[in-house]
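User: I am new to this structure and would appreciate a close look at a single part of it. Please describe the sheet and its surroundings, and then the aromatic rings.

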Amino acid sequence: MLNTLEYGSRTDEPDLLIVHGLYGSGRNWGAVAKRLAPDRRIVSVDQRNHGHSPWFDSHSYHDMARDLAEVIEAQGAPMDVMGHSMGGKASMILALTRPDLVNRLIVADIAPVQYTHDQNQFIAAMRAVDLSRVEKRSDAIDQLAQNVDDPTLRSFFTQSLDLTGRKWRLNLDVLEAEMPKVIGFPEISGSFEGRTLFLSGAESDYVTPEHRPRIRELFPKARFAKITGAGHWLHAEKPREFVQSVQAWLNATSAQASNS
């Protein structure tokens with residue numbers, strides 16, 4: 001089963017499952033999870049081929065959705081689910097294939113569509129780091145600067161670095177081989193009838209008006225919100241606003257459910 005991190009304790013609100021994106025880990029979401037934990041119990045996962053979770057030869061969205069289903073089934077009750085980027089796509093497939101396990105769905109800055117921006121240049125950048133010369137995280141950040149312009153991304157990547165073992169906690173070979181699946185989205189029919197929020201960064205181009213017809217086809221109850229001044233990494237760039245948006249939507253939909 002996937003490695004999980006837990007925050008808070010069970011309340012009257014459903015537990016929330018957090019699903020990270022490509023090259024991330026559950027630990028990346030610690031600050032957000034702690035802010036959300038007073039109202040509900042949070043479970044944050046490391047996805048397959050990431051963090052402390054098992055490595056596999058495949059990295060399809062149906063595989064990832066089955067992994068998430070196993071985690072939720074182990075909790076003994078359906079959960080609210082929030083996924084960012086790749087994690088958002090995995091969460092969408094979970095909701096579409098196992099709606100019995102998902103109460104409400106939050107999709108952070110991604111749409112159920114095929115993208116064209118390949119992410120393998122970052123795998124090349126990580127491979128180019130001479131880990132024998134890395135004593136501390138800043139050593140790797142300095143080396144990444146040769147191939148990665150964005151300092152935020154350089155810092156983000158090194159959170160998946162095992163300094164003691166001098167290795168990446170990412171299955172780079174499989175992620176590279178499966179990249180067409182990661183940037184794609186499976187052909188799928190049906191719809192998820194639960195409440196769904198598509199929360200995007202106002203400066204990001206990952207979710208556009210052109211995507212909305214397909215989103216509404218798969219998620220008829222979809223609502224849309226944007227965080228001003230945030231790009232694709234909205235939870236890291238604007239953590240306070242991100243948490244406030246998530247809390248406000250969860251509280252509003254809880255109130256609607258209790259009044260219906």
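Helix 3 (residues 86-97) lies across strand 2, strand 4, strand 5 (102-108) and strand 8, and runs at about 145° to strand 4. The model described here is a predicted one.

The sheet itself is open and is formed by 7 strands in the order 1-3-2-4-5-8-9, with mixed pairing. Its edges are strand 1 (4-7) and strand 9 (222-227), each of which pairs on one side only. From one strand to the next, the twist averages 20°. Within this sheet, strand 2 (residues 16-19) and strand 4 (residues 79-84) pair in the parallel sense over 4 bridges. L17 stands opposite V81 in strand 4.

As to the rings, a search of the whole structure finds 10 aromatic pairs. One of them is formed by Y61 and F185, a tilted pair with 6.4 Å centre to centre and 40° between the planes. Y61 lies in helix 2 (residues 61-75), while F185 lies in the loop between helix 8 (179-183) and strand 8 (196-201), so the pair ties together parts that are 124 residues apart in sequence. Both Y61 and F185 are buried.

The rings of F156 and F157 have their centres 5.7 Å apart and their planes at 50°, so this pair is tilted. F156 and F157 are buried. Ring pairs also link F156 and F157 into a cluster with Y23, F122 and W233.

Two arginines lie over ring faces: R48 over that of F56, at 4.1 Å from the ring centre, and R212 over that of F224, at 3.9 Å from the ring centre.

Key: Residues are numbered from 1 along each chain as its sequence is written. This is a predicted model: local features need pLDDT of at least 70, side-chain atom pairs count only at pLDDT 80 or more; totals for chains, interfaces and linings use all residues. Side-chain values use heavy atoms; hydrogens and water are left out. Rings of Phe, Tyr and Trp (its six-membered ring) pair if their centres lie within 6.5 Å; planes under 30 degrees apart count as stacked, over 60 as edge-to-face and the rest as tilted. Helices (H or I, at least four residues) and strands (E, at least two) are DSSP runs, numbered from the N terminus. Buried means under 20% relative accessible area, exposed over 50%, partly exposed in between (1.4 Å probe, protein chains only). A charge sits over a ring if NZ of Lys or CZ of Arg is within 6 Å of the ring centre and within 35 degrees of the ring normal. Two strands pair if DSSP finds at least two bridges between them. Axes are lines fitted to C-alpha atoms, for helices over the stretch in contact, and angles run from 0 to 180 degrees between N-to-C directions. Contact means heavy atoms within 4.5 Å.
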